[in-house]
Amino acid sequence: MAKIKITVNGHEIEIEENSTIQDFITERQVTGKMFAIEKNLEIINKDKYSTEVIKNGDVLEIVGFFGGG
């Protein structure tokens, strides 16, 4: 399968073409419940992770939340 280039948290990486957000999360072992994914400056709803396809040149930001004080 072909590879595409995307930017994740400021770092350029290659992933499989036609990968979804869910594919990316699984492959990169992103864990926890308290995180959000932004694609091209738009926050993606978790219910769309399995259908939102990542395209060449897309920019993803993964932001985690944690409590403390």
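**Entry 1: surface patch.** I looked for nonpolar surface and found a patch of about 310 Å² made by M34, V63 and F65. I note that the model is predicted.

**Entry 2: V63.** I then located V63, a member of that patch, and found V63 in strand 5, residues 59-64. V63 has a relative accessibility of 40%. I record V63 as partly exposed, because 40% lies between the 20% and 50% cut-offs. Across from V63 in strand 5 stands A36.

**Entry 3: strand 3.** I followed the pairing to strand 3, residues 35-39, which is mostly covered, with four of its five residues buried. Strand 3 runs antiparallel to strand 5, and five bridges join them. I also checked strand 4, residues 42-43, which pairs with strand 3 in the antiparallel sense over two bridges. In this second pairing, E38 stands opposite I43 of strand 4. Strands 3 and 4 form a hairpin with two residues between them.

**Entry 4: S19.** I turned to the loop between strand 2 (11-16) and helix 1 (21-28), where S19 is placed. Is S19 buried or exposed? I record S19 as buried, because its relative accessible area of 8% falls under the 20% cut-off. The side chain of S19 reaches the backbone oxygen of E16 at 2.7 Å. Leaving aside residues up to four places away in sequence, I found that S19 touches E52, V53 and I54.

Definitions and conventions: Residues numbered from 1 in each chain as written. Predicted model: local features only at pLDDT ≥ 70, side-chain atom pairs only at ≥ 80, totals over all residues. Heavy atoms only, no water. Buried < 20%, exposed > 50% of the residue type's maximum accessible area, 1.4 Å probe, protein only. Polar contact = N/O pair within 3.5 Å; in protein donor to acceptor, adjacent residues only side chain to side chain. Contact = heavy atoms within 4.5 Å. Patch = residues over 30% accessible without salt bridge, like charges linked within 9 Å, V, L, I, M, F, W, Y side chains within 5 Å. Areas by Shrake-Rupley, 256 points an atom, 1.4 Å probe, with all protein chains shown as cover. Salt bridge = Lys/Arg side-chain N within 4 Å of Asp/Glu carboxyl O. Pairing = 2+ DSSP bridges.
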